Amino acid sequence: MRALPFWIFAGLLPPAAFAQTGEPIALPQMAVTASPIAGDQPGSFVPVTTLEQPAIAASPARSLGDALRDEPGLSATTFAPGASRPIIRGLDNFRVRLQENGFGAGDVSAYGEDHAVPLDPLTAERIEVIRGPASLRWGSQAIGGVVNVINNRIPTSLPDQAVKGRVSGGWNSGSRGWDGTASADVRAGNVVMHGDLFGRNDGDYAIPGGRRQANTGVRSDGGAVGLSYFFDQGFFGTSVSRFTSLYGIPGQIDAQLGTSIRMEQTRWASRGEYRPGSGPIRSVNFWLGYTTYRHEEMGADFAGDGTVEAGSRHVHGGFRNNSWDGRLELQHMPVATRLGELNGSFGLSFERERLRTTGEFFEFLPPATTTRSAAYVFEELKLSPVWRLQAAARLEFVNIDGATAAFPQGNLPPSAEIELENGARRRDFAPASVSLGLLRDLPWAMQARATAQYVQRAPSAAELFSRGAHDASGTFDIGAPNLRKEAASTLELGLARQTGAFRFDTSAYYSRYNGFIYRALTGNSCGEEFASCASGSGGEFRQVAYGQRDATFYGVEARGEQDVMRLGEGMLGVSGRYDFVRAEFANGAGNVPRIPPHRLGAGLWWRSPSWQAALDYLHAFDQTRTGENETRTNGYDLLNLRVGYTAQLGGTRAVNLSVIGSNLLDSDMRNSASFKKDEVLLPGRAVRLLATFTF
């Protein structure tokens, strides 16, 4: 079951959603792309948080993570405005898969918090955050969940008009920056062509006290062209897209050195569907993509006296990643059984990632190649008009070829003269995962759900083979080449009501990890070489090390809204939300590091066919349950306001003008899930002006 979309609470429902009568609002029905079963209804076993395009455009976020950061159960790494990765229920990096239209991001954002996600929110028509059993469709690297950016770069349906599109532009007072995007779909017979482009140019953002957070500028641009051919029994489409970005890394040392990253990505993707029309197979779908990615990390050096050396700015090194991503799915026709109708699908997937490092980063992570192949199955049984049962299973084979060095116990060298030598390593894993879910329709249009899953995850190349300094992140990473598979057993209960004057969605979950792989500060610092770690305080890089312990995660996510009364031509209502995640190691070994705090919020909104307004308040509590060598994080209060007006111009043409105020209290906000929280404040008070024309 998908969670209530964010735009329901942000006052961003499209004008057509509001009738002139006093009837309660019902959530718009839509296809949930997370489901592997075609035609699956929103009341399915797919827990999805959905952000629609109007809410995405209104957000001042400059990265995918920041666009999702304030949703229940979600947070972000907020390492830099240009590099902020989503966090789901306290899980990040290699446990959260990022993708566009089902294709893996093909980046290196999981290899370092300073690395950007090449999926700009400006290009999204919708963002789905998928949790629970449905994430098995995309592999063990999605043990925490999947973030899927959805757009029409490969058209999957024939539009009902010859030309349709959208042009949008915005300005932000906080960053003194602008952004814009344009997209269009053109139909000629059975052929549909898509084109889009986007760009943003932001300076250093404002923080409380009339200051600016140094080195937080972002310049990004990109675009795509796609083409699809439709026939009676399906379609075939392909696209080419490009993304480039240049962004700064904030923080005391990084700002002094002017550390920045220049990245670019090119992706080719193809997708198709064939519906036989008879026989046991209902549909055959495929996805195949190839991505080339590269970035360089640049900055100056310190002189011997501790000042920045003049003229020393140069490229320290970079990352290269070439990846293939393919998947084939077959959905069978409904089968009548003695217990009820059975629907399901079977799939095969293949991924290959060839990672290379250059310059100084060869010492951080030597070249590595990762290959994943898998088979999976989803089946759903309709036991009665009110009961449904779903089961899923996945078997995966993972091969990782790389190299690393043997580090002494305690991660400190016995002397300042030690030198590390790389040795080739190969690790093979066979993660297996299963899930079971039960859905029950209840009176008053409510639905209850219960899911249980057991998921295994293979460690990544970075978790196994990291072995050196990483300039932009300011860390000296030490991998653990003997890590074993990580396994999580999870039980989740949920209750939701999608229609009527009172709407809500709540869930509670409990996960027990066997061999949880974590990355934590050791309390030591190092220079460029491991020998400099000898004293434990030998340089500018904070030493972090990967380890493995049993751990427990549990939490609650809840949000709801109530229609209060008709006011003029619109509806006045209130909303509320609460979420928390608690994560601790077994046997009293302490807290898992970098966990988001408890959050509680409320809102007031008014919506009419032409006007939309919303006032939202969120309180983040102090985070005092810290990991080893972490500091506590103070809470904050966040107040946002949005007012928008939509003018219908005839036909499908419309103009929307909006004013969005963020952090109106100008609160000092620090993110407990960020490595940079003690050095970097989140953006202060800002006003965003937005204009959108659709046709």
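## The second largest pocket

Helix 4 (252-257) contributes the most to the lining of the second largest pocket, with 4 residues. Strand 28 (541-567), like helix 4, supplies at least two lining residues. Helices (H or I, at least four residues) and strands (E, at least two) are DSSP runs, numbered from the N terminus. The model is predicted: local features need pLDDT of at least 70, side-chain atom pairs count only at pLDDT 80 or more, and totals for chains, interfaces and linings use all residues. Residues are numbered from 1 along each chain as its sequence is written, and side-chain values use heavy atoms, with hydrogens and water left out.

The pocket holds about 540 Å³ of space. Its lining has 31 residues, and Ser 473, Gly 474, Glu 540, Arg 542 and Glu 679 lie nearest the centre. By class, 14 are charged, 9 nonpolar and 8 polar. Nonpolar covers Ala, Val, Leu, Ile, Met, Phe, Trp, Tyr, Cys and Pro; charged covers Asp, Glu, Lys and Arg; the others, Gly among them, are polar. On a 1 Å grid over the protein atoms alone, a pocket is an open set of points with protein on both sides within 12 Å along at least five of seven lines, while a cavity is a set where a 1.4 Å probe fits but cannot get out; lining residues have an atom within 4 Å of a point. Grid points are joined across faces, edges and corners, and a volume is the space filled by probe spheres set on the points.

## Cavities

The count comes to 18 cavities of 30 Å³ or more. The second largest cavity has a volume of about 490 Å³. Its lining takes in 37 residues; Arg 97, Gly 106, Glu 351, Glu 353 and Arg 372 lie nearest the centre. The classes are 12 nonpolar, 14 polar and 11 charged. Several strands each supply at least two lining residues, including strand 16 (281-299), strand 17 (314-336), strand 18 (341-359) and strand 20 (387-404).

Strand 19 is also one of these suppliers. Ala 368 lies in strand 19 (residues 368-382). Ala 368 is buried, at a relative accessible area of 3%. Buried means under 20% relative accessible area, exposed over 50%, partly exposed in between (1.4 Å probe, protein chains only). Leaving aside neighbours within four places in sequence, Ala 368 is in contact (heavy atoms within 4.5 Å) with Glu 353, Arg 354, Leu 355, Arg 356, Asp 401, Gly 402 and Ala 461. Ala 368 and Pro 597 are 229 residues apart in sequence; their C-alpha atoms are 35 Å apart.

## Salt bridges

The structure holds 46 salt bridges. A salt bridge is a side-chain nitrogen of Lys or Arg within 4 Å of a carboxyl oxygen of Asp or Glu. One pairs Glu 486 with Arg 95, the closest N and O atoms being 2.6 Å apart. This pair links distant parts of the chain: Glu 486 sits in strand 26 (residues 486-497), Arg 95 in the loop between strand 3 (86-88) and strand 4 (96-100), 391 residues apart. Both Glu 486 and Arg 95 are buried.

Arg 394 and Glu 396 form another, with closest N and O atoms 3.3 Å apart. Both of these residues are buried. Arg 426 pairs with Asp 428, also with closest N and O atoms 3.3 Å apart. Arg 426 counts as partly exposed because its relative accessibility is 46%. Asp 428 is partly exposed too, at 47%. Salt bridges that share partners join Arg 89, Arg 131, Glu 492 and Glu 557 into one network.

## Ser 507

Ser 507 is in strand 27 (residues 502-526). Ser 507 is buried, with a relative accessible area of 7%. Beyond residues up to four places away, Ser 507 touches Arg 89, Arg 449, Glu 492, Leu 493, Gly 494, Gly 555, Val 556 and Glu 557.

## Positive phi

Arg 176 is not a glycine, yet its phi is positive, about 50 degrees. Arg 176 is found in the loop between strand 8 (163-172) and strand 9 (177-188). Arg 176 is exposed, with a relative accessible area of 55%.

Asn 215 has a positive phi near 65 degrees. Asn 215 lies in the loop between strand 12 (211-212) and strand 13 (218-231). Asn 215 is buried, at 19% relative accessible area.

## Confidence

The chain has a mean pLDDT (the predictor's confidence in each residue, from 0 to 100) of 90, and 92% of its residues reach 70 or more. Over residues 1-32 the pLDDT is below 50; this stretch has 115 contacts in the model beyond near neighbours in sequence. Where pLDDT is low, the predicted coordinates should not be read in detail.
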